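Have the structure open while you read.

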Amino acid sequence: MSTTHLRQSSIDLDSVDRPFDNIINFRDVGQTINHLLGRRVVKEGLLFRSARLDDASERDKRRLIDEYHIATIIDLRSSTEHHMATSKRLSDTAAAAPTTTPNNSDNIHLIDLPHTQRRLISLTGKAFERTLLWRLDWWNLLKVIAFAASGYRNDAVIIVGQQVMSPRGLIGLGIDTLDSSVSEMREIFEVFAGGDAQRESKQSTTSNGGGSTDPSTTFISPPYPYPVIVHCTQGKDRTGLIILLLLLLTGAVPQDAIRADYVLSEGELVIEVAERMKEIRLLGLSEDYTKCPEGFTAQICAHLEAKYGGVEGYLKQAGVDEEMLERVKKNLLA
């Protein structure tokens, strides 16, 4: 029997702020920031963030398509996380139907939404992994290489988690991500620069017999690639880092509001903290990784200023040119 369960909530399911069944830490970034600031600064309905979408129910999928009109999913998870998610889904599938062997099992955990592109961009890719490996002492580095070469990847991951990731903490890892994952950052921002998100006058409509338009069937669609949803596993730190860069780039969102959006994730994730802890322990990490560390936003911003002269300097060094930066700003600013 599948281990996927619906979330328990006292919120009226007919309410506009009702939760998803199986998607947590979901929010409209523009709506959240505008609410925090008390004025309209960022476009709403274009940029969303969440934890992983793997367990989305059929109702959740319909909402993503029909209510939020998601056009692009940016999945920031690592190959290790995708492997763990695939293994979990295969285990659940085998328990529910032992004689069934799914095809294309590598992607069995990923949701498939019609007319939606999925971009798998590991924010902690090869360059980030090399950064972590070179922080190991020689003995542990040799052990990791030996485990990886022998097919014991999980044992290698635990050593890196215990010896490097835990001591660095989420803030240190955020800084390491900025400094090492520049090619991934460029790829992500190329997606965000892909189109002018101003809503066009062209409408997708359905006509009634008398030739009039039914307002309930009208949706004014923004151009590619919006609306976009960004997520990692928890939707907290890597997702938070991308959202931080986007909001800083607008030049209109103060650091306090960015911090307030980031720390919302800690409360949103409480509902699955026990399940998250099982996964975090498999990576050799502690309970701290379920939390939003004090000073995350401030120290990331300080690092950007000290080393790169600010967010624009950082993104230009990553290969995002001036034209793309201006397009992203135009896409996001109200």
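**Helices that cross**

Helix 4 (residues 126-133) and helix 6 cross at roughly 110°, and their axes come within 8 Å. The model is a predicted one, where local features need pLDDT of at least 70, side-chain atom pairs count only at pLDDT 80 or more, and totals for chains, interfaces and linings use all residues. Residues are numbered from 1 along each chain as its sequence is written, and side-chain values use heavy atoms, leaving out hydrogens and water.

*Helix 4 and helix 6*
- With angles of 65 to 115 degrees counting as roughly perpendicular, helix 4 and helix 6 are therefore roughly perpendicular to each other.

*T177*
- T177 sits in helix 6 (residues 153-180).
- Is T177 buried or exposed? T177 is buried (under 20% relative accessible area), with a value of 4%.
- Leaving aside neighbours within four places in sequence, T177 touches L123, T124, F128, L241 and Y314.

*Helix 1 and helix 9*
- Helix 1 (residues 29-37) packs against helix 9 (residues 255-268) at an angle of about 125°, with the axes 10 Å apart.
- On the helix 1 side, the contact uses T32, I33, L36 and L37, while helix 9 brings A257, A260, D261 and L264.
- Sorted by class, that contact has six nonpolar, one polar and one charged residues.

Note on methods: Axes are lines fitted to C-alpha atoms, for helices over the stretch in contact, and angles run from 0 to 180 degrees between N-to-C directions. Helices (H or I, at least four residues) and strands (E, at least two) are DSSP runs, numbered from the N terminus. Contact means heavy atoms within 4.5 Å. Ala, Val, Leu, Ile, Met, Phe, Trp, Tyr, Cys and Pro count as nonpolar, Asp, Glu, Lys and Arg as charged, and the others, Gly among them, as polar. Buried means under 20% relative accessible area, exposed over 50%, partly exposed in between (1.4 Å probe, protein chains only). Angles under 35 degrees count as roughly parallel, over 145 as roughly antiparallel, 65 to 115 as roughly perpendicular and the rest as oblique.
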